[in-house]
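Please consult the sequence and the structure shown below while reading.

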Amino acid sequence: MPATLQPLFDQTFAAIAQARDTFSPQLKPREIGTIASVSTGIATVSGLPSVGLEELLAFPGNSFGIAFNLDPDEIGVVLLGDYWQLHAGDTVERTGRVMDVAVGDGLLGRVHAPQVPPRDGLGPPYPTQRPPIERPAAAIMDRAPVTVPLQTGLKVIDALIPIGRGQRELILGDRQTGKTAIAIDTILNQRGQDVLCVYCAIGQRASAIAKTLAIFRQQGALDYTLVVVTEGNDAPGLTYIAPYAATSIAEHFMEQGRDVLIVYDDLTHHARAYRELSLLQRRPPGREAFPGDIFYIHSRLLERATHLREGLGGGSLTALPIIETEAQNLSAYIPTNLISITDGQIYLSPSLFELGVLPAVDVGQSVSRVGGKAQRAAYRAVAGDLKLAYAQFEELETFARFGARVDEDTRQRIAHGRRIRACLKQPEFAPVSMAAQVAILLALTAGLFDAVPLERMPEAERTVREAAATIPEDVIERLVSAETLSEADRRTIVDIGRVALAGFLPQPDPRPTPGGSREPRAPESASQEALQT
């Protein structure tokens, strides 16, 4: 051994000897219980007298459960993950902590499931923290008003039912009416908007989840989106904790001062999973067999969506919960609970869906309790009277169906309303920018579409949308920042729309009139459509 290394070895051995002489073993108490019985998704455990409510318990095979019922003689446990490998008599150990979830920037673009490895095959994530899945909502004094819009890219929502950053807007409707499509369109429109997205699929079919992920990958949305999934064949405990885990992940980014959008698809499966667990644990059932605290599990979830004040970073968490109705029954138990919790609802009508009015948003039964405060001032000035005009049109159209004679003003209102409805139609996965929406709405307000035949409205609307790309950059900047839209900017945008629609206007009829003069005459199809009731 070289002489230069001898002092180093002497110091190392001396330190080891000192640690050996000063070591004193410390006993750590461990509480170990026994499984009394195992059922579908739940277990009964005995022998853990000091366990706390919702404490995480460790089972054999690296599986876990949550203490759900605390009775004097036994504990009802909600199992997470594979429970068919557990048997009566197996040991159970306390962990001393509640259920938590990994968070961090490394989770973006990944597909996760609570308490199980990621399902995208890309290896384990690299979290920075592990906060609990359930935390108290922000205090009232820590919140700020909702004033910044969350552009969905859907004209009917951005113009008539605006959503703000930090708002909770419910999406509800019957099966296969486009609820998930609205949420996906909103996520796709956040590209370049500096908004992170969390998509939480709760108890969905594997095929539906795969289809959604394929859309995200095709559109490049996974760059700013995190997906939390539980499938229909997963344990009901995983379905129950999934939205809470997704909310904790979203809160992590919100507390960094970032704007976050979270979609719960859907809370109907979440409520049914909680009802299943409660009935298996023999909790008293209430209305529609749901337990008495079914309102509380959703209210404590959605109350965490908010807009923080500037002193706390100014971040926001916008929630879009989805709920499924049956036979258009909005007064059912779960829909009424969520309507009372959220800041508005977007109702999708099966009747409109069958008529091809997509997205099938029923403007009369949809509302945003934040309203115009969540719109840019210039955009609000353009879209301010649109909802009233559309509501009047729907009422007049219903009245005219009975065959009543209507005057010329009513005919014009109905014809104008039909063009509003045609402009609000939009294909799936094709969000529209705010500048293009302003161009379309100004063309509607100026009556440029009124002379376009109804059968050519989709093509005319698309032409105006494409022409909006020629709006000067300084005008677009004022659309975002200005308090009001100046008359010069309004004329500039209207002139662009007028030029784009020049090829859709009816051409003068060169046939001479009975008096010998050649006066313009509208084509027969346009005149008949204007008189149609």
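Predicted model: local features only at pLDDT ≥ 70, side-chain atom pairs only at ≥ 80, totals over all residues.

The largest pocket has a volume of about 910 Å³. Its lining comprises 36 residues, and those closest to the pocket centre are Gln-176, Gly-178, Lys-179, Thr-180 and Ala-181. Several secondary structure elements each supply at least two lining residues to the largest pocket: helix 3 (179-188), helix 4 (206-219) and helix 6 (267-280), together with strand 9 (195-204) and strand 12 (316-324). By class, the lining of the largest pocket divides into 16 nonpolar, 10 polar and 10 charged residues.

Helix 9, helix 11 (386-400) and helix 12 (408-424) each provide at least two residues of the lining of the second largest pocket. That lining consists of six nonpolar, three polar and six charged residues.

## Cavities

How many cavities of 30 Å³ or more does the model contain? The count comes to two. The largest cavity has a volume of about 60 Å³. Its lining is formed by Val-156, Val-357, Leu-358, Pro-359, Val-361, Val-363, Tyr-390, Arg-421, Leu-424 and Lys-425. Of the residues lining the largest cavity, eight are nonpolar, none is polar and two are charged.

The second largest cavity holds about 40 Å³ of space. It is lined by Pro-149, Leu-150, Gln-151, Asp-158, Pro-162, Ile-163, Ala-374 and Gln-375. In this lining, five residues are nonpolar, two are polar and one is charged.

| Space | Volume | Lining residues by class |
|---|---|---|
| Largest pocket | about 910 Å³ | 16 nonpolar, 10 polar, 10 charged |
| Largest cavity | about 60 Å³ | eight nonpolar, no polar, two charged |
| Second largest cavity | about 40 Å³ | five nonpolar, two polar, one charged |

## Cysteines

A disulfide is a covalent bond between the sulfur atoms of two cysteines. The model has zero disulfides. For Cys-197, the closest cysteine sulfur belongs to Cys-200 and lies 14 Å away, so the two are too far apart for a bond. Cys-197 is buried, with a relative accessibility of 1%. Cys-423 is likewise buried, and its relative accessible area is 1%.

## Ser-349

Ser-349 occupies the loop between strand 13 (344-348) and helix 9 (350-354). With a relative accessible area of 6%, Ser-349 counts as buried because this value is under the 20% limit. A polar atom of the Ser-349 side chain lies 3.3 Å from the backbone nitrogen of Ser-351. When neighbours within four places in sequence are left aside, Ser-349 is in contact with Ala-360 and Asp-362.

## Backbone geometry

Pro-359 lies in the loop between helix 9 and strand 14 (367-368). Asp-266 is placed in the loop between strand 11 (259-265) and helix 6.

Two residues with positive phi complete this section. Arg-282, although not a glycine, has a positive phi of about 60°. Arg-282 lies in the loop between helix 6 and helix 7 (294-302). Its relative accessible area of 78% makes Arg-282 exposed. Gln-328 is not a glycine either, and its phi is positive at about 60°. The loop between strand 12 and helix 8 (333-341) contains Gln-328. Gln-328 is partly exposed, with a relative accessible area of 40%.

Technical notes:
Residues numbered from 1 in each chain as written. Heavy atoms only, no water. 1 Å grid on protein atoms, 1.4 Å probe; cavity = no way out; pocket = protein on both sides within 12 Å on 5 of 7 lines; lining within 4 Å. Points joined across faces, edges and corners; volume = space filled by probe spheres on them. Nonpolar A, V, L, I, M, F, W, Y, C, P; charged D, E, K, R; others polar. Helix = DSSP H or I, 4+ residues; strand = E, 2+ residues; numbered from the N terminus. Buried < 20%, exposed > 50% of the residue type's maximum accessible area, 1.4 Å probe, protein only. Polar contact = N/O pair within 3.5 Å; in protein donor to acceptor, adjacent residues only side chain to side chain. Contact = heavy atoms within 4.5 Å. Disulfide = S-S within 2.5 Å.
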